[in-house]
Amino acid sequence: MPLCEVFGSTSPNVSWTLPTGEELTSHAVFSNAFTLLLRLWRFNHPPFENAMGDATPVGSQLTPEYLLLVRNSKLSDFGKSPKDHMKLKRMSKNLNISLELIFMDSFPKLKSWYRQHQECIASTLTGLVQGTTVHQIVDALLNMMFRKISRGGQSLTSTTSGSSSSPASGAEDVSMRLKVPAWDILEGAPYVLDAALTACAHGRLLPRDLATGLKDLADLLPATLATIVSYLSAEVTRGIWKPVFMNGTDWPSPSANLFMVEQQIKKIIAATGVDIPSLAIGGSSPAMLPLPLAALVSLTITYKLDKASERFIVLIGPALSSLAESCPWPCMPIIASLWAQKVKRWSDFLVFSASRTVFHHNIDAVVQLLRSCFTSIPGLSPSTIYSNGGVGALLGHGFGSHFSGGMSAVAPGILYLRVHRSVRNIMFMTEEIVSLLMSSVRDIANSGLFRENLEKLKKAKFGLRYRQVSLGAATTQVQFAASLGASLVWLSGGLSLVQLLIQETLPSWFLSAHTPDQDGGEPGGLVAMLSGYALAYFVVLCGALAWGVDSSSPTSKRRPKVLGAHLEFLASAIDGKISLGCEYATWHAYVTGFVSLMVGCTKKWVLDVNVDVLRRLSNGLRQWNEEELAIALLGLGGAEATASAAELIIEIG
C-alpha cells in the first residue's frame, strides 16, 4: 500500500536502470506493487469464493480495509514476547517496520481509487467534465490506443469522449500528455473503456482494433488491467450490451474445437451419473458472447505465455473464468475452446473447468451429483468401503487425457469439490443431503445380501450373536454415509449451513410424515432404527466441524444458542408437547444416539445447555429405560445438574 501510494503519485519522468539492464520507471514499480496488492486482496475472484466458513457470501470480506484490520490486529499482539523482540530486531536491519495502527485514510490516493472502483461496479459511468485534467488524460489515452482510427475526418475521441478539440495530435504530444502519475491514468481508464466499448458497439471501432487498443493501454500501465477486468465484468452483469458473433472475421472463432470441448464436457458430466437433457451440443446457431466478455477474452489471448506476461495472466485469468461461468451456456465452452486453441497442453484443465458451468446454472445437476457421491460409497461390508466403493470411488485417482480413449471419467467427489462454489443457492442443500442420506440407509438395510444374511441368521443356532455382528457392519456403513453427508454440508455452506440444518431442516424433517418402508416387517424396523442413528451421527459430526468438540474455537461461542434450541426441541417432543410425523423407532434411535455421542465424544457441549432442559431430557430417557444414559447426561451438566443426577441415582436405587 505505501509503494502504491508513493510511486502511483510520481510522474514517470525519472527512471532507474537495473543491473540486468532493465529500465524501471515509477509506473513499473507501481504496477508491480498494485498487482500484488490485488492478488492479496483476491480482487479477481468472485464474491462467493471470498466467503469462507460463516462469512457473509458477499464481496465485502477481503477488501483493502479488511487487510489493514488484519494487519493491525496481528501487530497489536506482536512484540510482547522476547521471541518477538528478537524477530523485530533481526527484521529491522533490512526493513523499517512501523508498529502503529494504519487505516485507509493514510492512503488517500488508494482510497479514492477504491471508491471509484466500487462506483464503477455499482452503476454506469457519469460525471466526466470537459476541460478537466481527467478529460484531457482520457482524450490522450484514446488517441494513444486508436491513433490509426479516423473515419470521415472525425476522430474516435471527438465522437466518444465528448471532446470538442481537434483530432488526434501527434504521437509525441500524446506521449508527453501521458507523463502523468499512475493514479491519474487509473482515474481516467473507466471513461476510456466506456468510450471504446460504445464505439465498437456502434460500428465506429473494429473488434480487432478494440483488442489491440486494450493491449496498448495495459502495456502503457499494467495496473489498468484491474480497471479493465472490473469494468468489463460489471458491464457483462448489467446485460445492456448485445452479443457478438465469434465468426473468425471480427472476433476470434472457437469453431475449430468447440464441438469437441462440448462433447468432452458432456462426457465428464455423464460419467458421474448426471444427465442434463437440455445441454445443447453442437447446435446450428453461431457462437456468441456478450460484447464486454468478447473484448476481455480477445485481450487475454493477445498475451504471450512468457515469464513477463505470467503475472498479468494470473490476475485476469480467474476473473475471466468466473465471469464466463455466470453467463449463459455455452459462453464458458467458447472461451475454453479459444484458449485450448492457443495452449493445447491446457486443454484438459480448460475442459474440466468449463464443466462447472453446468452446475452453476442447473440445480437439478447439483442434486444428481450429490446423489452420485452417495451412491459411490455404500458397500456390503466394511472392507468394500475402501475398494469397490467408498473413498476410491468417491474421490477417484486423477483425470487427464493420458488415459486410453481420451479424457478419463472424473470421480463425483472431485467434481463436487470443484463445483460447489459455483452453486448459487446453497440453502436447499441440507434438505437434499438429508434425503440422500436416508436413501443410502435404505439401500444399506435393504440390500439383497443383507436380507439374505438376516434370513439365515434367524435359523442359525447362534443367530442373535451373528445378527449383532451383521448389524454392526451395517452401522459402520451408515456411519460412513453420515460422515459423507456432514462433510458435504460443511463444505457447501460452512457454519451458516450447519446452523440451518440443526435449527430448521431437522425439526421440519421430524415433524413431517414419511412413507414407511414398503416391505414392512423387520427390515422396515431396521431401516427406521438405522435412519435415526445415521441422523444422530450426521448432526453431531456437523456440529463438531462447525463448533469443535470443546470451547477453544471462536465459533464455539455460537454453539449454546443453536444446541440449546435443538435439545429444547428434543425435550419438548419427549414431553409430548410436539407431535412428530416420523416413525417412533427413528425418533428413539436419534435421541438416544445423539445423547450417547454427545456424552461420549463432545462432553463440553453439555455445559452449554440449560439445566432444566437437561433434566427434562433425562426424565424422558428414563421413561425409555435409558437410566445410565440419563445419569451420564446430568453428570456432565455442571454442579446444579450433578445434584439432579444424584437424586436420580437414589430414586432408581
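The text below takes those stops in turn.

This is a predicted model, where local features need pLDDT of at least 70, side-chain atom pairs count only at pLDDT 80 or more, and totals for chains, interfaces and linings use all residues. Residues are numbered from 1 along each chain as its sequence is written, and side-chain values use heavy atoms, leaving out hydrogens and water.

**Cavity.** Searching the whole structure turns up one cavity of 30 Å³ or more. A cavity here is a set of points on a 1 Å grid where a 1.4 Å probe fits but cannot get out, and lining residues have an atom within 4 Å of a point. The largest cavity holds about 50 Å³, and its lining includes Trp113, His117 and Thr227. Helices H6 (108-122), H10 (182-201) and H12 (224-238) each give two or more residues to this lining, with H6 giving the most, four. Helices are DSSP runs (H or I) of at least four residues, and strands (E) of at least two.

**Annotated spans.** An unreviewed UniProt entry places the feature "transmembrane region" at two spans; such annotations may be inferred rather than shown by experiment.

**Helix H16.** Ten of the twelve residues of H16 are buried (under 20% relative accessible area, 1.4 Å probe), so H16 is largely enclosed by the rest of the structure. Among the buried residues are Met332, Ile334 and Trp339. Their packing partners (contact: heavy atoms within 4.5 Å) include helix H13 (258-271) and strand E6 (288-290).

How values were computed: 1 Å grid on protein atoms, 1.4 Å probe; cavity = no way out; pocket = protein on both sides within 12 Å on 5 of 7 lines; lining within 4 Å. Points joined across faces, edges and corners; volume = space filled by probe spheres on them. Buried < 20%, exposed > 50% of the residue type's maximum accessible area, 1.4 Å probe, protein only.
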